[in-house]
Amino acid sequence: MNPRIKTINGPVVIADNARKLTVREMVSVGDLKLIGEVISLEGDEATIQVYEDTSGLKVNENIMPTSRPLSVRLGPGMLGNMFDGIQRPLKKIMDENGAFIPSGIGFENLDENKQWDVKIVAKVGQKISKGDIYATIKETETIEHRLMASVDGEVVEAKEDGLYKLEDTVVKIKSGNKVVEEKLYQYWPVRKQRPVKSSMPIEKLFETGQRVLDVFFPLAKGGTVAIPGGFGTGKTMLQHQLAQYSDVDIIIYIGCGERGNEMTQVLEEFPDLIDPNTGKGLMERTILIANTSNMPVAAREASIYTGITMAEYFRDMGYDVALMADSSSRWAEALREISGRLEEIPAEEGYPAYLGSRLSQFYERAGYFKNLNGSEGSVTLIGAVSPSGGDFSEPVTENTRRCVNVFLGLDRKLAYSRHYPAINWLSSYSNYIEKIRSYYEERLGRDIIAIRNKLMNVLLEEDEVRSIMMLVGEDALSNSQKNTLDVSSLIRNGFLQQNAYNDIDKYVPLEKQVKMLDVIYNYYVKSTDAIKAGVSHKDIYNSKLINDITQMKYNIKNDELDKFLYLNSEIDNHFISIKKG
């Protein structure tokens, strides 16, 4: 007797006669054939999480097993596409069914009718291992899709180069006593991490073109990043900048529980963005996963697993992948709602007790790896967090902080004062600074971490000076304290603040960033030495020079680095004239 629906509670369905089912198995629920996943078994009853709207389901309707876990289909056609949380193509659904997703359409993920120009790499008689590349497809102008073997064995049949569809068998591999047919795709369970040969040290800078990140709070390829911030602090905007300008091969952007208008903005902007590394459209290397706040809550919970599985698939090809999850707070809210319907005992603020472990399992899938086929690839996870009222002590932010190595706390006051990115330098940190020190030395021929640390100390001193100034007033400050305010202003306004709408300043290569850092550090050293020599702050301060340093980010183009010599000479001449009296 087939399993049947016993009770329905939102996205949670209880089935009886369920002894045939297994935990994590994907099932077809009811006459509507909704997609569901078995999450627990107890005796003859199964608890099923349904990934679609359960309106219209009825008690005693049949539940059909599929004998496989919730999986995604990995193959050509993902790049440039937009999926929902369980990998259904939203554009195709809209073209065929209108603005609303109908129930029971199943998994219509990749286009089975499109023909791909396939180059067969494997040869008959060749020994092949799991993960080895047996065929390649030029999916976009910039990305080559590499099809990887699912088993170990010997190639017994290989087709000629030509046009093939997804379901066409292009290679046959004899593995043991069976022959495996390799097509243009493979299925993979979303909650299972894809295997690698070994983990590698994280020591390469994840370049973003954003000065506050590349120098002060650096990200690393294969690293983990949290971007917490209240409403209006610029989380989504910062992730858009990272998506466009970061030096990775593939971008996967997950709109997890965001408002529909925000995802609409992403859809409208991304196709028009140009990849500065290739000059081609950004969508050629981007996958969008949209599961807005009005879509089924269970699919929202699955969306980050869908995204990370896709990221690991491209990593196995030897690519560097960045995954943006916006936001993990909405994912946690979906987890809380499902936990409540399962009648689990709630922990802090109603979240389930396993919130921390689920976040850890997600962020642990990041890293820099040597793949099974010998190539190297990375997955960098960048998760936005939306704490209510900007409270960083709430459970999602606190548990995320424990899982990540870069914490970029966004500040509402900075955002409202037009300081972008609104990253608070007092509450943010990066644990990768020492790990990528050698990268800076090899790339730039020098150690810039020491200068970064000294200027960071100036920002910390500024906070103390401003506390004193609130008590005694600015006139009562010492010459050294007034100079600290000047230098910190140069760091904040001349370096950390960046204009995303200015053609020169929206993206800055690392070489220019270091030149800018040198100018500010030069002023800091010269002014500090002058004050120690007894020169007053009034004699040191020069409004034109301060303005020239602050405006260098606009006045000096990215390919005009020689002009920094003139700016440094202006600083030197200013202090020489002071010394001469």
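UniProt positions are given here in the numbering of this model, feature names are shortened, and annotations may be inferred rather than shown by experiment. The model is predicted: local features need pLDDT of at least 70 and side-chain atom pairs count only at pLDDT 80 or more, whereas totals for chains, interfaces and linings use all residues. Residues are numbered from 1 along each chain as its sequence is written, and side-chain values use heavy atoms, with hydrogens and water left out.

**The annotated domain**

Select residues 221-411, which an unreviewed UniProt entry lists as "domain: AAA+ ATPase". Helices (DSSP H or I, at least four residues) and strands (E, at least two) are DSSP runs numbered from the N terminus. Over residues 221-411, the chain is 38% helix and 21% strand, and the end C-alpha atoms lie 25 Å apart.

**The annotated binding site**

Next, select Gly229, Gly230, Phe231, Gly232, Thr233, Gly234, Lys235 and Thr236, where the unreviewed UniProt entry places the feature "binding site". Glycine 229 lies in the loop between β19 (224-228) and α3 (235-245), and glycine 234 is also placed in the loop between β19 and α3. Relative accessible area (1.4 Å probe, protein chains only) defines buried as under 20%, exposed as over 50% and partly exposed as in between. Glycine 229 is buried, at 0% relative accessibility, while glycine 234 is partly exposed, at 26%. Contact means heavy atoms within 4.5 Å. Not counting residues up to four places away in sequence, glycine 229 touches Lys235, Val385, Ser386, Pro387, Phe392 and Leu410.

**Aromatic pairs**

From Phe392, move to the cluster that Phe392, Phe407 and Tyr429 form. Rings of Phe, Tyr and Trp (its six-membered ring) pair if their centres lie within 6.5 Å; planes under 30 degrees apart count as stacked, over 60 as edge-to-face and the rest as tilted. The whole structure contains ten aromatic pairs. One of them, phenylalanine 407 with tyrosine 429, is stacked, at 5.7 Å centre to centre and 10° between the planes. Phenylalanine 407 lies in strand β25 (residues 406-407) and tyrosine 429 in strand β26 (residues 429-430), so the pair ties together parts that are 22 residues apart in sequence. Phenylalanine 407 is buried at 1% relative accessibility, whereas tyrosine 429 is partly exposed at 25%. Tyrosine 439 and tyrosine 440 make an edge-to-face pair, 6.5 Å centre to centre with 75° between the planes; both are buried.

**Helix packing**

Now display helix α10 (residues 437-444) and helix α13 (residues 510-532), which pack at about 95° with axes 11 Å apart. α10 is thus roughly perpendicular to α13. Axes are lines fitted to C-alpha atoms, for helices over the stretch in contact, and angles run from 0 to 180 degrees between N-to-C directions. Angles under 35 degrees count as roughly parallel, over 145 as roughly antiparallel, 65 to 115 as roughly perpendicular and the rest as oblique. Here Tyr440, Arg443 and Leu444 in α10 meet Leu510, Glu511 and Val514 in α13.

**Lysine 370**

Finally, select lysine 370 in strand β23 (residues 367-370). Lysine 370 is partly exposed, at 25% relative accessibility. Its C-alpha atom is 9.5 Å from that of arginine 315, 55 residues away along the chain.
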